[in-house]
Every structure is written in structure tokens, then in C-alpha cells.
Amino acid sequence: MSLRAQLLAVALLTLVLPWAGWRYVVEMEGVLRVGLEQSLLASATTMAGSLAALPPFLASGGSSSNGPDSRHETLYAYPLTSAPRIDGYPTDWNLSDAHGRALGPRARYWAGVHERHLYVHIDVPDDAIVYQRAPTDAPYGDRVLLNLGGPAERWLVINTAAPGVVFARATSAPQFAPGTRFEERILAAWVETAQGYAVELRLPLDLLGPEPRFGVGLVQVTPVPGGYEAELHTSWGDAGSAPGRLVRRTPELAAAAAQFAAPGRRLRIVDRQGWVLYDGGSLAPAGSATVAQRGFFENLLRLILSRDDAPYDGFENPPGYLADPELRSALARESSTRWYRRGADASAVVAAAAPVAGSGGVQGAVLLELGSDSILTLTNEALVRLLGFTLLASLIAAAGLLGYATLLSLRIRRLATAAGSALGPRGDIRAGMPGQRARDEVGTLARSVNDMLKRLAGYTEYLRSLKGKLAHELRTPLAVVSTSLDNIEREPSAEHLAPYLQRIREGAARLDALINAMSEATAIEQAVTDSPRQRFDLAKVVRSCGQAYRDVYTDRQFAVEIDAGSMHIDGSADLIAQMLDKLTDNAVSFSPAGSTITFTLHRERDEFVLRIGNDGPLLPEAMRAQLFDSLVSVRPAGGDGRRHLGLGLYIVALIVRFHGGRVDAANRADRGGVEFEAGFPVPPAS
Amino acid sequence: MSDTKLVAVVEDEAAIRDNYLAALRRQGYRVAGFASRREALAAFETRFPDLVIIDINLGNEVEGGFELCRDLRARSRQLPIIFLTARDSELDAVSGLRLGADDYLTKQISIEHLLARVATLFRRVEALANDDADAELLSRGPLTLDRDRMSCAWRGQPVALTLTEFWVVHALAQRPGHLRNREQLMQAASTVMDDSSVTSQIKRIRAKFLAVDPDFAAIETVYGMGYRWRSS
């Protein structure tokens, strides 16, 4: 794993920033939710407090003075948008079947209020309608009963001899015989329907008093053999007790509650049973946009903020009656809040309920609801920005780290490359590591590698100069030996020592040759550094030398093949001549007598290539690389007694390098001999 | 002053010094050996030698020989001075000769050669002293070589050559147009040198001639073979 990959992996850690952003948004949303809940609850409580003191609240039937009632007894009058015509047909009612309530096993009734009148529609399926054919005709036919409540029971009965406009007359339990007194303020119509009959009636609310109670009833008369049977059904149960409360939405309460109106908020006020006395305002319309239509960030946000809010289950059932748990809790004097989801997009709604408590205990409750899309909007913006910033931060951090890693690995790679190439092919050492000035660890590494290389270079230099020094140091004792020999030879008494002296002489001569070779190499090294460069014709030098070698080495053939034309290079012709001397000397000493030594000089692309081949023994493959090093000899042991110090080819390499060229030795392809190849770069035309 | 010449050998290596002294003594010279520059200078106060053979490295003084040479040359312009040293680098040779030494020999040379050089130098001194008119002159165009005085002139201007250089030029100029290989030149100069030394000798000689005549081109290099004197 490269350094860059490693640091990139480290950079991935910065992805913790978006995560932190997500956590932050979630936390923020939580705080906002709590804040919203609390403010909503505070509003609800304030409203409840101010409502509790309002008489209109009581007027709407919120009183508890009549003791507990079951909600089934309560008659809830829905607000009607317009005054229905009293014609027996419910077509102009803005109510549905759901608003109707059971009256006995089959009949249903609807109650509504418009302005100062209470409207009631009763639909009675009846297989056999019984009309009161005569005033004394007992038991007076099918009848509709009205109980106006109040301290004294006030019953009214509606019956008729035929469909049409009918009137209510006072009556009394248990026979509910039509009395003689007519209640003219009540207008009613009786029609026959496909299933039976229907009665629609209107009565002024003034009839009912300040704490209205109201109930409807039905006397179902069924003909039986030998007479009639009558059944009594009421809207509140026991016909003997007072009817249930009449609950309706009063304009007074609406006026009082209107002050609390705020956009996006739905306020509902219920009585102590949960009947809605006021319903105002509306939630912001739930977004109906689909996932595809919403923005990326909004979807992301919804995903992030998705909570397990329960879907709304508190629909009014029957209409006008609320059983939401927070409301139930409020009616039990416990303010509470609840979150739920609604609509197709499941947007969250918060509901707060507070009890309206007066001196007489809980009279009702306030239910305030607010869509939380505002939170979503708020958090959305925050999230978009936060995510933007953190992603940007991550990207910058990753890019920074990547760049830094690139820089670092570049430095290290440069160092590695420099260290790898510090040791030249001929053992020359170039110190000068890059990046030594850096103060960090890489700089330290560069410095220590550089120091090491310098020391190594010093040691190499010492080794290189060793032969020069050695030659010098050996020369003095050798001089002692040879001058002593010179003196001895002049002594007449030394005649009999002649063979020994001869041997000493030979040994000294060999030593001398060795020392010469060493100092020659040193001299060439020096010459190579001192020589001025001049442009000269390589071809001419090679041709001239080739000619000369024919005369010098008479027992070898020389085949010289040189491209026509001049081949000028920059350098020293003398040194090139010395190089040729060494190579020829080498070729001659290896090749058998009478064999041919070949010289070829060609231009090959960008260099002049000189090849000198001989038929000598092949080079051991392993030694090829070291062949041109100082003091390396691959000559077989024993021989002509000439120096075998392996400096000849070292000198060749020195001279070739001075000319910017290359030199190599290889066995010929035909395995018949060895070929030395030196390449000199063609200088740019001047 | 007696007829026998006094040859001083300043050499810190006792064995070599004694060998040289023995050889010189056998040759009939009077000899004096010194191990250090100080010792030699002290002795020269009382008895100035006729020829001095100096090693460059004298004991602790790495370049004591050079200093001694400078001192002696300051005292006498005629005194023949030979450097005989184990140091064979070009730089040392040039330095020694610049200081006015007459010859620069490495310790490789045999005692025979050394004695020959000593004799040659004495002969030159004598020739200079005698101011012999019928000097053995060799003239090749603008070149004039005086074998007795070991002096050389080009277009009438003296060219200061060392003994070795003189003999190299002599060997070349004697037979103009004829190729002289390195060995022949070494033999002529009675010295043992490696090939590169011959090359640098030639280089030095050319430089000296070029100093008096920028158009000097009489010494021609034949690569791989040697050198020849161009007469025209």
C-alpha cells in the first residue's frame, strides 16, 4: 500500500464530519421538536386558561352541572352551511350518512344548527306506516317525539294522518298521546320514503334555554292481529330520564377562539366529552410531492429525520367526536403532546392538548396542532449548509492529504532514486541527495544517506588512491633493493653469487613492472581529469594505430575496417591512442600467435562504435561486469611473467568515460573469441 | 678546490643514500650524504657541493626537497641539481623542474643511468666553463642543439629543456622525418618511463617550444607508433 493510498485511507476519517453533521441535524431537530411541543403546549394552556373564564364556552353546552353524561346520550348538532328547507328531503343538508346517529334498531337521525335554529332530520324505515286516522284513533299511529329537556320535562309529539306539513303538540309519557296544545314555533314536514317515512323539523334554539338538553324519540306502531304494538326508541336511552345535552358550535365561542388563530395551526376546542365545540384554522397543506419531485437534500433530510411517529389514528368518529389520546389525557387534567404522521408524504404534526378547567372541574380541552414542515425547512437549510460545509471540509482535507502524500512520496521517491543511482556503474559515488535542507524526518534521512554516501565516496577515493600511494611507498624499498644490486654487481667478489643476483634482479623487475602499472593508472586518472578537450578525428587515430600495430606485433594479423569519412569527437587523441594500446595489448596477449585481430569503427546512430575482436579464450560470464574495474584480472594464472594486475582495462574504461562513451566486453556470437566494444557519442555538429 | 667533484646526496632513506654514495664514490667522486634539508644546508655552508641529488620527501618535510632546491638555486645558478624521487606524478615533476632542477628522475632508474646523468651534467658544466667555440652543434632549420652545453635554441631563442627533454628532442631532431617510437626515445634519454610519461614529456617539450614560437609544429605524433621531427 503506497503512502498515498495510506493517507487517502486516513483522509476517509474526515467522513466522520458529515456523520457529525448528521448527528447535529438530528439533535437539532430533536431540540426543535421539543421546543415546538413546549411552545405549542404553552399556547394551548394559555388558550385554555382564557377560555375557561368565558361564558360563551358554557353556553355551548360545556357545563358539567348536570352530572356526567355518556357521550351516547349527547346530541351533537353539526353546523349547517345553509338553512335547509323544511320539506322532508335531506338533499340540502351538508351532512353525510356518517353524521347520522342511530335511533332504535333501524331509524337514524341527523341534527344540525344554522344560526338560531336547530334542524333535525329523522329517517325511519317502516314497512307499514301507521297514520292516526282519527283523533281518537289509538294508539295514535307512528310518532316522532322531541324532549326539550329543562327542569320540567317537556315532551312534544309529531304525528299525522297523512304526509305533509305537520305540527308538534305537547304530550307526556308514557302514552305520548298528542295533546291539545300546539307548539307553533316548531315547523316540521313528514314525507314517505321508499323504505318508510322521514320527518324534517326546525325549532328555535331559544326553546331550549341556556344549558340545552335535547333528545329525539320514536314510537313505532306495528299492526298485529287484533290490534297494534308500539315500540319506543329515544336518542338518549332511558325515556324516563332527562335527555342528553345538546352540543353545538356557538358563534360566541368561535368569536372568542378566533383571536387565537394563527396560520398553519389548527385549533380545536372540545367539551368534556370530546365533542368539538370549535374547529378553526388548518394545518399547512401536507406536501403531496413525491420522492422524485422533491430535492435531493429534502429526501436525504427526510431519510435522516425519519422518526417512528405513529400515523394519525384519531379521526373523528362519529364526526365531531374526538378520542385522541392527548385529548383524553387533557380531559383527565393532564396536558400532553403527541407527534403523528399524516398525509401521503407522512409529514409530521405535533398536537398539544390542554384542559380547560373552571371552578367546576374540567370543562373541556384545547387541542392545538401544528405541522412540523417548518422544522423540516429550517433543518433542511441547516443540513444543506452543514453537509455542504462538512463535505467541502472533507474534500479539502482529503485533497490536502493527497497532495501532501504525493509531495511526501515524491520526495521519498526522489531520495530513493538518488540513493539508487548514487553508486555509478564504475563504482563512482555521487553524493548530493535531494531535499537535505528539509527539517523533517525525510530531510534527516536525506542528510544521513548523504553523509553515508560521502563517507563511502571517501573510502572509495581512498581505495582508488591506494594504488598510487602504494606505488610510491613500494618504490622506495624497491630502490633500496635495486641500488644495492647495482652496487653488488660492481663488486668483483660477487661473481659466484651471480645466479642469485639474477633472480633477485628478475624479482625486482617484476615488482617494478607492477609499480609502474599502478602509477600509470594513477597518471591516467590524473590525465583524464586534467586533459583539455579538443576535437579530433577518431578514424584517423584508429587507422594510424592499426597501422602501427602491424609493425609492432609482427606475429598477429590486423584487419582494420573503418567507415569512410572523418569521425570527429571531443577529447584527447593521445588518450584514445593509449586506450587502443591497452586494448590491443590485451587482444594480443590472449590470442594465439598468427591469429587475426579485427578493428572495426562504424557510425551507429548516435555513436561511433569501435570493436576490437580477437580469437582468445572466452570470458567467464560472471566476470563481465567487473572486467573494467581496477585490479581485476581474468587472465589464467601463470604466463609470460608480465604484469597481471588488471589495470589495462581499467585504464580503457577511464579513457572511454572521459570521452562520455561506454565500453563493454562480450564473447563473440560464434563463440570463437572475445570482442570489446567501445561507443563514443557523436558530438553535436559544430 | 680539488679536481674530484663533490656530489651531495640528500635522501632520508639511509639504505638508498648509502647505495648511491657507494656507487658515486666508486666512480671517483667525493661524496657527502645528508638525511635532512637542515643537515645539508648546514654542511653546504662550509663546503658547497658541485652537484646535488635531492629526494623531494625528506623525513618530516614532505616537500623538503623542493625547498632545498629553491635555496640552492638562489645561491648558485650553475649548480646542477637532480631530483631523484619515488614521486612520479606529473605535477611533482613539473614543480621540480620549475624550481630550476636540471633533471627529474624516479628511483626506478638504475645506478648506471644515474651515474650517466651525473657525468652528463658535469660535462655540461665544464662545457659552459670552457666556453668551447667548436661546440658540438646540431642544426635543423630553426633548431640548434648544443650537445656539450645541453642547450637548445629555436629561431635563436633559448629553450630551457631538462636533460631528459633535451635528449628526446635530440633523438627526434637527429634524423628528421624518421619515426621514433617511445622505447627509442626512452633509450635516447637514458631513462625508464612508462608510455604516458613519454606522452607527457612530449607535451611539455611542445609547450616549451610553443612558448617561444606559437607556430611550433615540428614534433608530429604518429598515434600508436611514436613521434617524428618535421624538418620543414
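In chain B, 4 strands form an open antiparallel sheet in the order 6-7-8-9. Strands are DSSP runs of E with at least two residues, helices are runs of H or I with at least four residues, and both are numbered from the N terminus. Two strands count as paired if DSSP finds at least two bridges between them. The model is predicted: local features need pLDDT of at least 70, side-chain atom pairs count only at pLDDT 80 or more, and totals for chains, interfaces and linings use all residues. Residues are numbered from 1 along each chain as its sequence is written, chains are lettered from A in the order in which they are written, and side-chain values use heavy atoms, without hydrogens and water.

The edges of the sheet are strand 6 (137-140) and strand 9 (157-159) of chain B. Each has a single partner strand, so one side of each is left without a neighbour in the sheet. Neighbouring strands are turned by 25 degrees against each other on average, direction ignored. Strand 6 and strand 7 (residues 143-146) of chain B run antiparallel and are joined by 4 bridges. B:Arg140 stands opposite B:Leu143 in strand 7 of chain B. Helix 6 (residues 163-174) of chain B packs on this sheet, touching strand 6, strand 7 and strand 8 (151-154) of chain B. Contact means heavy atoms within 4.5 Å. The direction of helix 6 makes about 120 degrees with that of strand 7 of chain B. Axes are lines fitted to C-alpha atoms, for helices over the stretch in contact, and angles run from 0 to 180 degrees between N-to-C directions.

Between the chains, 30 residues of chain B are in contact with 28 residues of chain A. The buried area is about 2,700 Å², and carbon and sulfur atoms give 51% of it. This is the accessible area (1.4 Å probe) that two parts lose on being put together, summed over both. B:Arg26, B:Gln108 and B:Tyr223 supply 25% of the area that chain B buries against chain A, more than any other three residues. A salt bridge requires a side-chain nitrogen of Lys or Arg within 4 Å of a carboxyl oxygen of Asp or Glu.

Over all chains, the structure holds 31 salt bridges. One of them joins the side chains of A:Glu489 and A:Arg505 (2.9 Å, N to O). This pair links distant parts of the chain, 16 residues apart. A:Glu489 lies in helix 8 (residues 441-489) of chain A, and A:Arg505 in helix 9 (residues 498-530) of chain A.
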